[in-house]
Amino acid sequence: MTASPLVRDLLRMLEPDGVLCEPEDLLVYECDGLALFRATPEAVVLPRSTEQVAGVVRFCAARGVPIVARGAGTGLSGGATPAPGGIVLELARMNRILDVDAEDRTAHVETGLVNADLSAAVRSKGLFYAPDPSSQFASTIGGNVAENSGGPHGFKYGQTVRHVLGLTVVLNDGSVARIGGPNAENPGYDLVGVFVGSEGTFGIATEAWLRLTPIPPFVETLLFSFRSLLDGCRAVSEMVAAGVEAAALEMLDDRTIAAIEASVYAAGYPKEVGAVLLVELDGTREEVEAQAREARSIAKRCGALATSEAVEEAERARLWKGRKSAFGAMGRIAPDLYVQDAVVPRSRIAEVLAKIGAIADRHRLRLANVFHAGDGNLHPNLSYDARDADEVRRVLQAGEEMLRACVEAGGSLSGEHGIGLEKRDFMGLLFTEADLEAMGRVRRAFDPQGVFNPGKVLPLRACRERVPAPAEEPVAP
Ligand SMILES: Cc1cc2nc3c(=O)[nH]c(=O)nc-3n(C[C@H](O)[C@H](O)[C@H](O)COP(=O)(O)OP(=O)(O)OC[C@H]3O[C@@H](n4cnc5c(N)ncnc54)[C@H](O)[C@@H]3O)c2cc1C
C-alpha cells in the first residue's frame with residue numbers, strides 16, 4: 001500500500017517498524033475492550049522513548065492530527081477508540097523498569113510496563129505494586145494511570161491515584177514536563193492527582209514513579225457461598241459495619257459461577273448456589289485470624305451455606321483465578337460481552353441489583369454479575385452477539401437504564417473503567433452544566449486545541465474541540 005503523506009512524515013521520526021499503516025494491522029486498533037464502538041486510525045505509532053513521543057506529539061499537534069494514547073487496549077469504556085483521521089500512539093514498547101528503590105519503596109518505570117510485571121520484578125524484595133485490576137496481566141501502568149484503575153484489592157489499598165508519586169508527561173506542544181516525583185510529598189498543586197484519571201485527554205504519560213507496598217506477612221482467602229445474592233450482600237454490609245478490614249470483598253452470582261466452572265478457568269467454586277463471596281484478609285497472623293473469625297460468624301448469621309479457606313499461595317491463587325478470569329469465561333455465554341461499571345452506596349447494592357435484573361429481563365438479555373462488593377462497584381455483564389443489530393440496540397438501552405438506576409440510588413457513573421466514549425453523554429446525569437464547563441476549562445488548560453483523545457469523557461459542548469471526535473453511534477463490526 002502507498003504510504004500517505006502523514007505516514008511518510010511519521011516514518012522519518014521513528015524506526016520503520018515503529019509505524020503501522022496496513023489495513024490488517026490497523027484492524028487490531030479499531031477498538032478497545034468495548035467493541036461496541038469502532039473507528040480506524042490513519043496510523044499507529046510505537047515509540048521507544050519520551051523524545052520520540054514528544055516529536056510525534058509536536059508534529060501532530062501542529063497539524064491538528066488527533067492523538068489517542070493506548071496501552072494494551074483493555075479499557076472497557078472506549079477510551080482508546082481511535083479518532084478518525086488521527087493516530088494511535090501505543091506505549092507498549094516503553095516497558096522498562098528504570099529503577100527500584102527498595103528502601104524508599106518506590107519504582108520508576110516506563111508507562112508501557114504491564115502492571116503484573118512490576119509486582120513480579122519486586123517480589124524478591126518483599127514488595128508489590130498494590131493496584132490490581134483483573135486485567136493486570138495485560139493492562140499497562142499508563143492505562144491504569146489514565147483510568148485511575150481499581151481492582152479487587154482497591155477496597156483496602158485504594159485505587160491507582162494513591163500509588164502514583166510522579167509522572168513524566170508529554171504536553172500538547174511536545175514539551176516534556178515532570179509532575180510530582182519520587183518523593184512522597186510534593187509542594188504546590190497536586191497535578192499528579194489532576195492527571196491521574198484524565199483518560200488520555202491531558203497529555204501522554206511516558207514515565208511514572210510508583211509507590212510499592214510491603215507484601216503482608218500473612219494472607220488468608222475465604223470463600224462463602226450463599227443461597228442468594230441478597231444474603232451475600234447482607235454479609236458484605238455487616239462485615240464492613242463490624243470493621244472487618246478485608247483486603248478484598250468480591251461477589252459473583254450464579255451465572256458467573258456457571259460460566260467460570262464450565263471454562264478453562266474453573267476454580268472449583270460450589271455449583272447450584274446463588275452467589276459466592278470472596279473475602280481476602282491480610283496482616284499479621286493474629287490480625288488475620290481474628291478478622292477471619294468475625295467474617296465467618298457474620299457469614300453464618302447471613303445464611304452462608306459453605307465456606308472454603310485457603311492460606312497456601314497456590315490454593316489462594318486457584319480461588320482468585322475464577323474471579324480474575326470471569327470476563328473471559330463469559331465468552332462461553334455469547335461471542336460478545338458488554339461490561340457495565342457503576343457504583344452504588346453499599347447499603348443499596350441488593351435493591352439496585354434487583355432493578356438491574358428486571359431491566360435485563362425486560363430487554364430479554366443475558367445478565368451475569370461479578371463485582372467489587374466492598375466498594376459498591378457493580379459490574380452487570382450483558383452477553384450478546386454483535387451480529388444481531390436488535391440485540392446490540394437492546395444492550396445499549398439496558399446499559400443506559402442500569403446506569404440511571406445506579407445514579408438514582410445515589411451512586412456514580414463509573415467505579416474504575418472511566419467515562420471514555422461510552423458514558424460521555426451521561427455525564428449530565430451526575431454533573432451540572434457549570435460543573436462540566438469547569439472540567440472543560442481544566443482540559444483546555446492542558447490541551448487548548450483538543451488534540452488528545454477528542455470526543456471522550458466530556459460532552460462535546462463542554463470540550464469545544466476543533467479536531468474530529470470518534471463515531472458517536474455504535475459501529476457494528
Ligand atoms: C478482563 C478485564 C478485566 C478488567 N478488570 C478491571 C479492574 O478490575 N479494574 C479496573 O479498573 N479496570 C479493569 N479493566 C479495564 C482496563 O483493564 C483498565 O481500564 C486498564 O487500566 C486499561 O489499561 P490499558 O493499558 O489496557 O489501557 P488502554 O485501554 O490502552 O487505554 C485506556 C485509556 O488510557 C489512555 N492511555 C493509555 N496509556 C496512556 C498513557 N501512557 N498516557 C496517557 N493516556 C494513556 C487511553 O487513551 C485510554 O483513554 C478490565 C478490563 C478487562 C478486559
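1. Which strands does α3 lie across, and at about how many degrees does α3 run to β4? In this predicted model, α3 lies across β2, β3 and β4. Its angle to β4 is about 165 degrees. Helix α1, residues 5-13, lies across β1 and β2. To β2, α1 runs at about 10 degrees.

2. Now the sheet under these helices' strands. Four strands make an open sheet, in the order β1-β2-β4-β3, with mixed pairing. The edges are β1 (19-20) and β3, each with a single partner strand, so one side of each has no neighbour in the sheet. Strand β2 (residues 43-45) and strand β4 (residues 87-90) run parallel and are joined by three bridges. There, Val45 stands opposite Leu89 in β4.

3. Where does the ligand lie relative to domain 1 and domain 2? Both domains give residues to the shell around the ligand, so the ligand lies between them. In total, 36 residues surround the ligand. The closest are Gly71, Gly79, Gly142, Gly143 and Gly200. The elements giving two or more residues to this shell are β3 (67-70), α5 (141-147) and β10 (204-211). Of these, α5 gives the most, with five residues. The shell residues divide into 20 polar, eleven nonpolar and five charged.

4. Strand β14 (residues 275-283) deserves a look. Strand β12 (residues 218-226) pairs with β14 in the antiparallel sense over nine bridges. Strand β13 (residues 248-253) also pairs with β14 in the antiparallel sense, over six bridges. Leu222 stands opposite Val279. Leu249 stands opposite Val279 too.

5. How many of the five residues of strand β20 are buried? Strand β20 spans residues 380-384, and five of the five are buried, so the strand is largely enclosed by the rest of the structure. In a regular strand, side chains alternate between the two faces of the sheet. In β20, Pro380, Leu382 and Tyr384 point one way, while Asn381 and Ser383 point the other way. All of these residues are buried.

6. Two strands pair with β20. Strand β16 (residues 336-339) is antiparallel to β20, over four bridges. Asp336 stands opposite Tyr384 in that pairing. Strand β18 (residues 366-372) also runs antiparallel to β20, again joined by four bridges. Here the bridge partner of Arg366 is Ser383.

Technical notes
Residues are numbered from 1 along each chain as its sequence is written. This is a predicted model: local features need pLDDT of at least 70, side-chain atom pairs count only at pLDDT 80 or more; totals for chains, interfaces and linings use all residues. Two strands pair if DSSP finds at least two bridges between them. A residue is near a molecule or strand if its C-beta atom, placed from the backbone, lies within 6 Å of it. Ala, Val, Leu, Ile, Met, Phe, Trp, Tyr, Cys and Pro count as nonpolar, Asp, Glu, Lys and Arg as charged, and the others, Gly among them, as polar. Domain bounds come from an automatic or database domain assignment. Two residues are in contact if their C-beta atoms, placed from the backbone, lie within 7 Å. Axes are lines fitted to C-alpha atoms, for helices over the stretch in contact, and angles run from 0 to 180 degrees between N-to-C directions. A residue is buried if 20 or more other C-beta atoms lie within 10 Å of its own, exposed if 12 or fewer, and partly exposed in between; C-beta atoms are placed from the backbone.
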